[in-house]
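Open your viewer, get ready to select residues by number, and follow along stop by stop.

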Amino acid sequence: AQVIGGGAVGLAIARQWFKHAAGRKKWSGGNGDQFAEFRGLYYGADSLKTKLCIRGREMLYDLCQKHDIPHRNMGKWIVAQTDEQLEELVKVNNFTRSIEGVPTRFVSTEEAVKEEPYVRAKTGILESSTTGIIDSHSYMQFLLGDLEDRGGDVALHSPVVRIAPVRGEGSGGWEITTRDKSSGEDNTFTSEVVINSAGLGACNINNMILPPDRHQTQYYAKGNYFSYPPSTPSTKHLIYPAPEPGLGGLGTHLTLDISGRIRFGPDVEWVDSPDDLEVNDARLPQAIEQIKKFLPDIKEDAIQPDYAGIRPKLGKNAAVATGKAFQDFVIRNEKGYLGFVNLLGIESPGLTSSLAIAEMVETLLYR
């Protein structure tokens, strides 16, 4: 099988493939490097995002503990400033009670003042005690090393430029052409199975294989992050604003990296290119406005542009919760195209879900 995509999900799929079948072949392209949070409180109970996030979180904690991958189970506070936001927290709490594996509780005012004196929450705080952070670079380095130890081959900086069936619609396998970014030379090979885990490029791969009426349009949601070097104000938990219906993301929140450094973000900025990774300074005033709602003592002039990332969306109205605009992960065998497993819209909580996604892909291929 050829796995197209060398991010956390692609590497996890390839590693899973080699764990249970000696001699399988694998190709992967692309890379990534950032810290990340475990999360997943905002999606429908029956959604793939919820199911895979819960299963993936358990697997990820186990893997990190077993192989000493840097991580911290620090918990997350979701803070409400208005009665409307408190209603959203109540909805989240009711939702978590309906599923297993996602414990939440409301934090009292007394406990909040003691635990997080710098954090403002006018109407309520909901805590997720199982939320944590991971050094995703170390995680992907482990996946890569484990894959190579099992005999897997990785080809970075080799984008796919063409995919065609050997005959029929995949019945004779797939002919895949990649292009070496350094030399510009093309390399063509065949595979019985193609697994599209290309992330930001997944719709391009989809459109190389499927007919026009099944083509997908990729939308790019840029998230700008800002760092905060001072030691105060500080927090022990990740701090999120309460969800607001209709937003394409979770709002500007406070996250921490493994060393304890604060970052704020991401916002949602629609861009035309997946390569538009320069932090947009013009977004800083809006971010500060959001940050001061839950961290009022922040030193505004100390907040600095840090980095930006792009999330692959299948629609510009994709909301974080249930409803007409909600967009779930797409993970499926494409009907009529033998040996083609398609993964589209794999954004947050994709890293948390990565090991569970790998399990699911293997099940799709061998059920």
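Here is a tour of this chain, one selection at a time.

**Before you start**

This is a predicted model, in which local features need pLDDT of at least 70 and side-chain atom pairs count only at pLDDT 80 or more, while totals for chains, interfaces and linings use all residues. Residues are numbered from 1 along each chain as its sequence is written, and side-chain values use heavy atoms, with hydrogens and water left out.

**Stop 1: the whole chain**

Show the chain as a cartoon: there are eight helices and 19 strands. Both are DSSP runs numbered from the N terminus (helices are H or I with at least four residues, strands are E with at least two). Now switch to a surface. Of the 367 residues, 54% count as buried. Buried means under 20% relative accessible area, exposed means over 50%, and partly exposed is in between (1.4 Å probe, protein chains only).

How far apart in sequence are the contact partners? Among contacts between residues at least 6 apart, 73% join residues at least 24 apart. A contact means heavy atoms within 4.5 Å.

**Stop 2: the largest nonpolar core**

Select Ile13, Tyr139, Ile195, Ile331, Leu343 and Ile357. These residues have the most contacts inside the largest nonpolar core, which has 37 residues. Such a core is a set of buried Ala, Val, Leu, Ile, Met, Phe, Trp, Tyr and Cys residues joined through side-chain atoms within 4.5 Å. Colour helix 1, helix 2 (48-67), helix 5 (136-149), strand 19 (340-344) and helix 8 next, as each of these elements gives two or more residues to this core.

Zoom in on Ile331. Not counting residues up to four places away in sequence, Ile331 touches Leu48, Leu52, Asn342, Leu343, Ile346, Ile357, Met360, Val361 and Leu364.

There is also a second, separate core of 34 residues; Ile78, Val79, Val92 and Val279 are among them.

**Stop 3: aromatic rings**

The structure holds four aromatic pairs. Rings of Phe, Tyr and Trp (its six-membered ring) pair if their centres lie within 6.5 Å; planes under 30 degrees apart count as stacked, over 60 as edge-to-face and the rest as tilted.

Select Trp17 and Tyr366. Why is this pair tilted? Their ring centres are 5.8 Å apart and their planes are at 50°, so the pair counts as tilted. The pair links distant parts of the chain, with Trp17 in helix 1 (residues 8-20) and Tyr366 in helix 8 (residues 350-366), 349 residues apart. Trp17 is buried at 6% relative accessible area, whereas Tyr366 is partly exposed at 48%.

Move on to Tyr228 and Phe264. Their pair is edge-to-face, with 6.2 Å from centre to centre and 65° between the planes. Tyr228 is in strand 12 (residues 219-228) and Phe264 in strand 15 (residues 262-265), 36 residues apart. Tyr228 is buried at 3% relative accessibility, and Phe264 is buried at 0%.

Now select Lys76 and Tyr240. Lys76 lies over the face of Tyr240, at 4.4 Å from the ring centre. A charge sits over a ring if NZ of Lys or CZ of Arg is within 6 Å of the ring centre and within 35 degrees of the ring normal.

**Stop 4: Thr252**

Find Thr252 in the loop between strand 13 (238-241) and strand 14 (253-256). Is Thr252 buried or exposed? Thr252 is buried, with a relative accessible area of 9%. Leaving aside neighbours within four places in sequence, its contacts include Pro241, Phe264, Asp267 and Phe294.

**Stop 5**

Most residues other than glycine have a negative phi, and most peptide bonds are trans.

- Thr232 and Pro233 are joined by a cis peptide bond with omega about -10°; Pro233 lies in the loop between strand 12 and strand 13.
- Ser348 to Pro349 is also cis, with omega near 5°; Pro349 lies in the loop between strand 19 and helix 8.
- Asp68 has a positive phi of about 55° and sits in the loop between helix 2 and strand 3 (71-72). Asp68 is exposed, at 68% relative accessible area.
- His157 has a positive phi of about 55°, lies in the loop between helix 5 and strand 8 (160-165), and is partly exposed at 48%.
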